[in-house]
Amino acid sequence: MSKFNEVTYEVMISEQEIGETLDTLAAEINSEYAGVDNLLLVGLLKGSVVVMTDLARRLSGDVHFDFMTASSYHGGTESTGDVKIVMDLANSIRGRHVLLVEDIIDTGRTLSKVRELLLSRGPASLKICTFLDKPSRRVVEVPVDFVGREIEDEFVVGYGLDYAESFRQLPYIAKVNPA
Ligand SMILES: O=P(O)(O)OC[C@H]1O[C@H](OP(=O)(O)OP(=O)(O)O)[C@H](O)[C@@H]1O
Ligand SMILES: Nc1nc2[nH]cnc2c(=O)[nH]1
């Protein structure tokens, strides 16, 4: 058990397990997109930046990056349900094969909103990859194509995931016990 800013946390998924999970995810994605040129990876900032860069370096084809910020947690541990697009993509996705990369799916509200928005822009295909999934928390159903690990209903941090903007830099995933 470790402590930072009065928040205690303990390792749930080690750095080594993260690497193994990424290897499996990348193999599935490489197989799905064999022969596709310039797959567009869309990362939802800020959380997904860590998994997206680690995943991209395991992909065999040439991939392009774009990013979007959609926030609904506003610093807390519960989704407000009010999903805001804070920053949009830099480029058009019309006719592109798009893989949306997430760090975690919880209620599904963020992805559902972003997925609808991206589909309305006419991509050639749109699939979803998430490193972590909490299926027991789902409020809005959303189709997920690639899942790294399913976890129980616990608030986790590290590997891009924050608690009040802290802990994103941890190289492992930990569960927190807020003060
Ligand atoms: O399935 P949901 O209940 O919608 O939750 C999942 C979303 O919550 C987190 O983002 P957050 O809004 O905390 O922003 P962040 O990526 O900047 O941490 C996470 O990165 C997902 O995007
Ligand atoms: N940091 C963090 N953000 C989330 N967003 C939705 N679920 C979670 C979670 O467990 N941890």
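This is a predicted model: local features need pLDDT of at least 70, side-chain atom pairs count only at pLDDT 80 or more; totals for chains, interfaces and linings use all residues.
Strands of a sheet pair through backbone hydrogen bonds, in either a parallel or an antiparallel arrangement. With strand S3 (residues 39-45), S6 pairs in the parallel sense over four bridges, and Gly43 stands opposite Val101 in S6.

S6 is also joined to strand S7 (residues 125-133), to which it runs parallel, by eight bridges; here Ile104 has Leu132 in S7 as its bridge partner.

## The antiparallel sheet

An open sheet is formed by four strands in the order S1-S2-S10-S9, with antiparallel pairing. Strand S1 (2-4) and strand S9 (156-157) stand at the edges, and because each has a single partner strand, one side of each is left without a neighbour in the sheet.

The pairing of S1 with strand S2 (residues 7-13) is antiparallel and extends over three bridges, and Lys3 stands opposite Thr8 in S2.

## The surroundings of ligand 2

Ligand 2 is surrounded by nine residues, of which the closest are Ile104, Asp106, Phe155, Val156 and Leu161. By class, the shell around ligand 2 divides into seven nonpolar and two charged residues, with no polar ones. Ile104, one of the closest residues to the ligand, is also the bridge partner of Leu132 in S7.

Terms used
Residues are numbered from 1 along each chain as its sequence is written. Chains are lettered from A and ligands numbered from 1 in the order in which they are written. A residue is near a molecule or strand if its C-beta atom, placed from the backbone, lies within 6 Å of it. Ala, Val, Leu, Ile, Met, Phe, Trp, Tyr, Cys and Pro count as nonpolar, Asp, Glu, Lys and Arg as charged, and the others, Gly among them, as polar. Two strands pair if DSSP finds at least two bridges between them. Helices (H or I, at least four residues) and strands (E, at least two) are DSSP runs, numbered from the N terminus.
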